Amino acid sequence: MMKHHDKPKPENEENLQVPEGTLPSEPGEAQPQKEDRVAQLEAALNAEKEQSGKLRDEVLRRAAEFENFRKQKEREAVQSSLRAKESILRELLPVLDDVERVLANAPEPEAIPAAAKPFIEGVELMKKNLDRWLEEKGVKPIEAIGLKLDVDFHEAISQIEHPDAEPDTIVEQYQTGYLLGDRVIRHAKVIVSR
């Protein structure tokens, strides 16, 4: 049977044992210890928050560095591919020039012997295929005749007197220039008026 002055203890309440011969401390004395413990826990929490913030910043910094590195490698890969493409196209342009010279020096259609016609037609077909292939690769010829000389696109190899043209106007084109996108892969070699 339970006495009136004995109260039941809740299950989760710890048993506080006081060593024999000591008196339990006054209720006012436990308060400073609690405040010290709370202050210690708050300090530890703040230190952990600070450490967590530093680690978070470091992770974000590393992620940004990696993203920059990835983008740089992508740009380098694109540039490398573009340089390789440009190199191949530059090596092909003299072949195109030769095909153009053959066609420019071919006799008039009525003067071509019957036996030579298939050869001339084959060269014309080759020129069409080369032009189509270059166009698919993004290569365009640079416009020149009748325009003012622009050193970004044209290379003047000579000047001549031309009564119908203003000075520095392109009157003849010696060699076709080409653009790959908006980049010059070969300047047009031109003759300009004085």
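**Lys127**

I started with Lys127 and found this residue in helix 2. The model is a predicted one, so I read every value here as computed from that prediction. Buried or exposed, I asked of Lys127? I put Lys127 down as buried, because its relative accessibility is 17% and the cut-off for buried is under 20%.

Next I looked up what Lys127 touches. Leaving out neighbours within four places in sequence, I listed Leu96, Val99, Glu100 and Leu103 as its contacts. I also noted a polar contact of 2.6 Å between the side chains of Lys127 and Asp131.

**Asp131 and Lys127 as a pair**

I checked the pair again as a salt bridge: Asp131 and Lys127 do form one, with the closest N and O atoms 2.6 Å apart. How are Asp131 and Lys127 placed in helix 2? They are four residues apart in that helix (residues 117-136), so about one helical turn separates them. On the Asp131 side I wrote down a relative accessible area of 30%, which means partly exposed. Lys127, at 17%, is buried.

While on salt bridges, I also jotted down a network: Glu58, Arg61 and Arg62 are joined into one by bridges that share partners.

**Salt bridges in helix 1**

How many salt bridges are there by this rule? I get 14. I went through two of them in helix 1.

Arg70 and Glu74 came up with their closest N and O atoms 2.5 Å apart, in a salt bridge. They sit four residues apart in helix 1, so the separation is about one helical turn. I have Arg70 as partly exposed, because its relative accessibility is 31%. Glu74 is partly exposed too, at 41%.

Then I took Lys73 and Glu76, whose side chains meet in a salt bridge at 3.2 Å, N to O. Both lie in helix 1, and the spacing is three residues, about one turn of the helix. I noted 40% relative accessibility for Lys73, so partly exposed. For Glu76 the relative accessible area is 37%, again partly exposed.

**Arg186**

I moved on to Arg186, which is in strand 5 (residues 183-186). Its relative accessibility is 14%, so I filed Arg186 as buried. What does the side chain of Arg186 reach at 2.6 Å? I traced it to the backbone oxygen of Thr176.

With neighbours within four places in sequence set aside, I found Arg186 in contact with Leu93, Pro94, Asp97, Ile142, Gln175, Thr176, Gly177 and Tyr178.

**The largest pocket**

Last stop was the largest pocket, where I noted a volume of about 170 Å³. Which residues line the largest pocket? My list reads Asp97, Glu100, Arg101, Ala104, Asn105, Tyr174, Gln175 and Thr176. Two elements give two or more residues to that lining: helix 1 (27-104) and strand 3 (170-175). The largest share is from helix 1, with four residues. By class I logged two nonpolar, three polar and three charged residues in the lining.

I cross-checked the lining against my earlier contact lists. Asp97, Gln175 and Thr176 are in the lining, and Arg186 is in contact with them.

Definitions and conventions: Residues are numbered from 1 along each chain as its sequence is written. This is a predicted model: local features need pLDDT of at least 70, side-chain atom pairs count only at pLDDT 80 or more; totals for chains, interfaces and linings use all residues. Side-chain values use heavy atoms; hydrogens and water are left out. On a 1 Å grid over the protein atoms alone, a cavity is a set of points where a 1.4 Å probe fits but cannot get out, and a pocket is an open set with protein on both sides within 12 Å along at least five of seven lines; lining residues have an atom within 4 Å of a point. Grid points are joined across faces, edges and corners, and a volume is the space filled by probe spheres set on the points. Ala, Val, Leu, Ile, Met, Phe, Trp, Tyr, Cys and Pro count as nonpolar, Asp, Glu, Lys and Arg as charged, and the others, Gly among them, as polar. Buried means under 20% relative accessible area, exposed over 50%, partly exposed in between (1.4 Å probe, protein chains only). A polar contact is a pair of N or O atoms within 3.5 Å; within protein, one must be able to donate a hydrogen and the other to accept it, and residues adjacent in sequence count only if both atoms are side-chain atoms. Contact means heavy atoms within 4.5 Å. A salt bridge is a side-chain nitrogen of Lys or Arg within 4 Å of a carboxyl oxygen of Asp or Glu.
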